[in-house]
Amino acid sequence: MAGFRLPPEDSELFQPQQQTRPTPDLVSDDERSVAADSWSIKSEYGSTLDDDQRHADAAEALSSGNFRASSDYNSDKEEPDPDGITSMLGRQSYWDAAYADELANFREHGHSGEVWFGADVMDVVASWTKSLCIEISLGRMPNPGDDFKSEPVEESDKYLSGWSILDVGTGNGLLLQELAKQGFTDLTGVDYSEDAINLAQSISNRDGFSNINFLVDDVLETKLERQFRLVMDKGTLDAIGLHPDGPLKRIMYWDSVSKLVAPGGILVITSCNSTKDELIQEVLNLNQRKIDVSQEPDNSKEQEANREPPFRYLNHVRTYPTFMFGGVEGSRVATVAFLRN
C-alpha cells in the first residue's frame, strides 16, 4: 500500500485514511512546500553524464514495459492526464511559482515554509540516518531483516565527519539543518528551482547554518561530478512520479542517483507514495537493467566490469505507526536505505 500526502500542519500525522493522489483542483497553497523533484542547471561542477544517452536508455527501458511512452522527455505539458495519476506537483513550473511565493513570504515575515511529511517525520529521518551511519562507520553493517538498535557512542561526531551528504530536492533546506544538528558537517542541497535554493540559503544563514552548500541542479540531468557517501531524498521521487512522463523520469532518476552515491555509500529515500516493497522493487528493476546492458554483445569492457547491481536493500525505519487496510499492513510514510555496491 502506498503512502499518503498530508498537509504539514496535520497533527494526526499517522491516522489511516483512504489513499488519494493530489490533483490540481485540490492543491492548496499550504501544500506547496513538498520537497520538490529538484533542480535547474547552474552547478559549477560540470557534467559527467551524457544527457542524450540517458534519455535514450530510459526510453528503451520503458519500451520493454507497460508504460506510456513519451515523445518529449523534458516537457511541462499542460494537457489533462486521462488516468488522473499525474498532477501539477510533478511540474517544475508549479515549484518555481510555489517557491517564489515562499521566498517572498520569508523576506516579508520570516516564515521558513512548510515541511514535507511534517516535522515529526523529518526528526525521525535525521536521527535514524545518524544511527545508521554510525553503525556503518563502526563496521557494524545492519542485517536487512534486523531492527538495529544503535547504542550511544562517545564522540559520535567524529564518525559523522567523514560522511558527505547530498539532499536532492532540498526545497527549503530544513532537512539539512536537522542533519547538521545531528553532527553532520559536509552538507549539500540541490533543487531545480532557483527560488527554492535562494530560500534555503536565506533560512540557513539566518539560523546559523551558513556552512551548508546549496546549488541549483536537476537530479535527472545533473551536472554534479562529485559523488557523496550519503544521498537523501525526502519526497523528490514522489514528485517526479507525478509528472506526465513519470515512469520514464523515474528510470532517469535511478540511473542518475546511482552515479551520485559513492561506492559503499547509502541512499535514503522517504516516500508517501511508495511502500518499502515498492521501492525495493524499483531497485531490483534498476539492477536488472544494468545486468542486461552488461550482457549485450557490443558492450565495452568498462560496462562489463560494472555488471554488479548498483544497489541492494539495507534497512528501513520501523518506528512509523502502522495500520491494516484491505488485509494488508502498511504505514503512511516509508523510509528505506539502500547500499551502493
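Guide: Before anything is named, note that helices and strands here are DSSP runs numbered from the N terminus, a helix (H or I) having at least four residues and a strand (E) at least two. The model itself is predicted.

Visitor: Where is the place of F117, and what is its phi?

Guide: As a general idea, most residues other than glycine have a negative phi. F117 sits in the loop between α2 (92–109) and α3 (119–137), and its phi is positive, about 80°, although it is not a glycine. With a relative accessible area of 4%, F117 is buried, since buried means under 20%.

Visitor: Which strands form the open sheet, and in what order?

Guide: The general idea is that strands of a sheet pair through backbone hydrogen bonds, either parallel or antiparallel. Here an open sheet of 7 strands runs in the order β3-β2-β1-β4-β5-β9-β6, and its pairing is mixed. β3 (213–216) and β6 (311–316) stand at the edges with a single partner strand each, so one side of each has no neighbour in the sheet. On average, neighbouring strands of this sheet are turned by 20° against each other, direction ignored.

Visitor: In what sense do β6 and β9 pair, and over how many bridges?

Guide: β6 and β9 pair in the antiparallel sense over 5 bridges, and N315 stands opposite A337 in β9.

Visitor: How many of the residues of β4 are buried, and in what sense does the strand pair with β1?

Guide: Strand β4 (residues 228–234) is mostly covered, with 6 of its 7 residues buried. β4 pairs in the parallel sense with β1 (residues 164–168) over 4 bridges, and D167 has M232 of β4 as its bridge partner. β4 and β5 (residues 261–271) also run parallel, joined by 6 bridges, and here F228 has V261 of β5 as its bridge partner.

Visitor: How many residues of α8 are buried, and what span should the helix have at 1.5 Å a residue?

Guide: Because 13 of the 15 residues of α8 are buried, this helix is largely enclosed by the rest of the structure. At 1.5 Å a residue, the 15 residues of α8 (residues 246–260) should span 21 Å, and the end C-alpha atoms are 21 Å apart, which agrees.

Visitor: What does α9 span, and which of its residues are buried?

Guide: The 19 residues of α9 should span 27 Å at 1.5 Å a residue, in agreement with end C-alpha atoms that are 27 Å apart. An α-helix has 3.6 residues a turn, so residues three or four places apart point the same way. In α9 the buried residues are L279, I280, E282, V283, L286, N287, R289 and S294.

Visitor: What volume does the second largest pocket have, and which residues lie nearest its centre?

Guide: The second largest pocket has a volume of about 330 Å³, and of the 17 residues that line it, K276, H316, E329, G330 and S331 lie nearest its centre. α9 (276–294), β8 (328–330) and β9 (334–340) each supply at least two lining residues, with β9 giving the most, 3 residues. By class, the lining of this pocket has 6 nonpolar, 7 polar and 4 charged residues.

Visitor: In which helix does A239 lie, and is A239 buried or exposed?

Guide: A239 lies in α7 (residues 236–241), and its relative accessible area of 3% makes it buried. The C-alpha atoms of A239 and R91 are separated by 8.2 Å, although the two residues are 148 residues apart along the chain.

Methods
Residues numbered from 1 in each chain as written. Predicted model: local features only at pLDDT ≥ 70, side-chain atom pairs only at ≥ 80, totals over all residues. Heavy atoms only, no water. 1 Å grid on protein atoms, 1.4 Å probe; cavity = no way out; pocket = protein on both sides within 12 Å on 5 of 7 lines; lining within 4 Å. Points joined across faces, edges and corners; volume = space filled by probe spheres on them. Nonpolar A, V, L, I, M, F, W, Y, C, P; charged D, E, K, R; others polar. Expected span 1.5 Å × (residues − 1). Buried < 20%, exposed > 50% of the residue type's maximum accessible area, 1.4 Å probe, protein only. Pairing = 2+ DSSP bridges. Axes fitted to C-alpha atoms, helices over the stretch in contact; angles between N-to-C directions.
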